[in-house]
Amino acid sequence: MIVYAATLLPEAVDAISVGMRLLSGSPYTCRRAELGNGRSREWSVPLGGTGYIILFEIIGDDVVVGAVRHQREEDYRR
C-alpha cells in the first residue's frame with residue numbers, strides 16, 4: 001500500500017480500518033464506481049461531517065483496494 005498523507009488523525013485511521021473490515025465481508029453491497037470495467041466499486045466511510053472513499057475491485061474471491069481518498073480532496077467528484 002502506498003500512503004501519500006504524511007499524517008492521519010487516529011480517528012481517521014480507525015474509521016478506515018473499520019471500513020476495510022466491513023468491506024471484506026460484503027463487497028457487493030457497495031456502489032459501483034464509474035471506471036467502466038464493471039468490477040470497480042466504492043465504499044463510503046463516514047467521519048464527522050465528511051469521510052473517506054475506498055475505491056476497490058472484486059477479483060474472484062479477493063477485494064483489491066486501489067485507493068483511499070478524502071471526500072474533500074480537490075478533484076473528488078460529488
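Glu42 forms a salt bridge with Arg31, and the closest N and O atoms are 2.9 Å apart. Please bear in mind that this is a predicted model. The pair links distant parts of the chain, with Glu42 in strand S2 and Arg31 in strand S1, eleven residues apart.

Is Glu42 buried or exposed? With a relative accessible area of 9%, Glu42 is buried, because the limit for that class is under 20%. Arg31, by contrast, is partly exposed, at a relative accessible area of 42%.

How many salt bridges does the model contain in total? The count comes to two. The other one joins Arg39 to Glu57, where the closest N and O atoms are 3.3 Å apart. This pair, too, links distant parts of the chain: Arg39 lies in the loop between S1 and S2, Glu57 in strand S3, and 18 residues separate them. Arg39 counts as partly exposed, at 41% relative accessibility.

The protein has one helix and four strands, and along the sequence they follow the pattern α-β-β-β-β. The four strands form an open sheet in the order S1-S2-S3-S4, with antiparallel pairing. The edge strands are S1 and S4, the latter covering 62-70, and each pairs on one side only.

I shall go through the pairings in turn. Strand S1, residues 31-32, is joined to strand S2, residues 40-47, by two bridges. S2 and strand S3, residues 50-59, pair over eight bridges, and Leu47 stands opposite Thr50 in S3. S2 and S3 form a hairpin with two residues between them, and Gly48 in the turn has a positive phi of about 65 degrees. S3 and S4 likewise pair over eight bridges in the antiparallel sense, with Phe56 opposite Val65 in S4.

Where does the helix sit relative to these strands? Helix H1, residues 10-25, lies across S2, S3 and S4 and runs at about 140 degrees to S2.

I close with the totals for the chain. Of the 78 residues, 29% are buried. The protein exposes about 5700 Å², and carbon and sulfur atoms supply 54% of that area. Among contacts with a separation of 6 or more, 28% are between residues 24 or more positions apart.

Definitions and conventions. Residues numbered from 1 in each chain as written. Predicted model: local features only at pLDDT ≥ 70, side-chain atom pairs only at ≥ 80, totals over all residues. Heavy atoms only, no water. Pairing = 2+ DSSP bridges. Buried < 20%, exposed > 50% of the residue type's maximum accessible area, 1.4 Å probe, protein only. Contact = heavy atoms within 4.5 Å. Areas by Shrake-Rupley, 256 points an atom, 1.4 Å probe, with all protein chains shown as cover. Axes fitted to C-alpha atoms, helices over the stretch in contact; angles between N-to-C directions. Salt bridge = Lys/Arg side-chain N within 4 Å of Asp/Glu carboxyl O.
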